[in-house]
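I opened this entry to keep track of what I looked up. The notes follow the order in which I checked things.

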Amino acid sequence: MDLKSFEALIKTENSARLFLAKLCWKNSHRFCTRCRSYKVYRIAGKKFRCKRCAYTFHEFTGR
Ligand SMILES: [Zn+2]
């Protein structure tokens, strides 16, 4: 793979990820993928934890 196609791949993956994030999390309303509670809080990195059932998930869990 040459540098140009590698750059193209990174670019595509980034925009695809952004697109997905927008699609999945409208208005940045994160909710628990297990119990659907909106009472979640952010922990290390891009992970979230549910206050209700203590389930830990990341942006794309269950998608
Ligand atoms: Zn939950």
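In what order do the three strands form the open sheet, and is the pairing parallel or antiparallel? I looked this up before anything else. The order is 1-2-3 and the pairing is antiparallel. The edge strands are strand 1, residues 40-42, and strand 3, residues 56-58, each of which pairs on one side only. From one strand to the next, the twist averages 35 degrees. As background, I noted that strands of a sheet pair through backbone hydrogen bonds, either parallel or antiparallel.

Entry on the model and its confidence. I am reading a predicted model. The mean pLDDT of the chain is 77, and 73% of its residues reach 70 or more. I looked up where confidence is lowest and found helix 1, at a mean of 71. Confidence is highest in strand 2, at 90.

Entry on the overall layout. I found one helix and three strands in the chain. Along the sequence they follow the pattern α-β-β-β. The chain has 63 residues, and 5% of them count as buried. I also checked the contacts with a separation of 6 or more: residues 24 or more positions apart account for 13% of them.

Entry on strand 1 and strand 2. Three bridges join these two strands, which run antiparallel. I looked up R42 and found that its bridge partner in strand 2 is F48. The hairpin of strand 1 and strand 2 has four residues between the strands. In that hairpin, G45 takes a positive phi near 70 degrees.

Entry on strand 2 and strand 3. Strand 2 covers residues 47-50, and three bridges join it to strand 3 in an antiparallel run. I noted two facing pairs here: K47 stands opposite H58 in strand 3, and F48 stands opposite F57 in strand 3. These two strands form a hairpin with five residues between them.

Entry on V40. I found V40 in strand 1.

Entry on C50. This residue lies in strand 2. C50 counts as buried because 21 C-beta neighbours lie inside 10 Å. Not counting residues up to four places away in sequence, C50 touches C32, R34, C35, S37, K39, V40 and Y55. I then checked C50 against F31: they are 19 residues apart in sequence and 7.7 Å apart in space, C-alpha to C-alpha.

Entry on T56. I found T56 in strand 3. How many other C-beta atoms does T56 have within 10 Å? The number is 14, so T56 is partly exposed. Leaving aside neighbours within four places in sequence, T56 is in contact with K47 and R49. I looked up Y41 as well: T56 and Y41 are 15 residues apart in sequence and, C-alpha to C-alpha, 9.7 Å apart in space.

Entry on positive phi. Most residues other than glycine have a negative phi. With that in mind, I looked up two residues. R36 is not a glycine, yet it has a positive phi of about 65 degrees. The place of R36 is in the loop between helix 1, residues 3-24, and strand 1. R36 is exposed, because it has 10 other C-beta atoms within 10 Å.

A54 is the other residue I checked. It also has a positive phi of about 65 degrees, although it is not a glycine. Where is the place of A54? It is in the loop between strand 2 and strand 3. With 10 C-beta neighbours inside 10 Å, A54 therefore counts as exposed.

Terms used
Residues numbered from 1 in each chain as written. Predicted model: local features only at pLDDT ≥ 70, side-chain atom pairs only at ≥ 80, totals over all residues. Buried ≥ 20, exposed ≤ 12 C-beta atoms within 10 Å, placed from the backbone. Contact = placed C-beta atoms within 7 Å. Pairing = 2+ DSSP bridges. Axes fitted to C-alpha atoms, helices over the stretch in contact; angles between N-to-C directions. pLDDT = per-residue confidence, 0-100.
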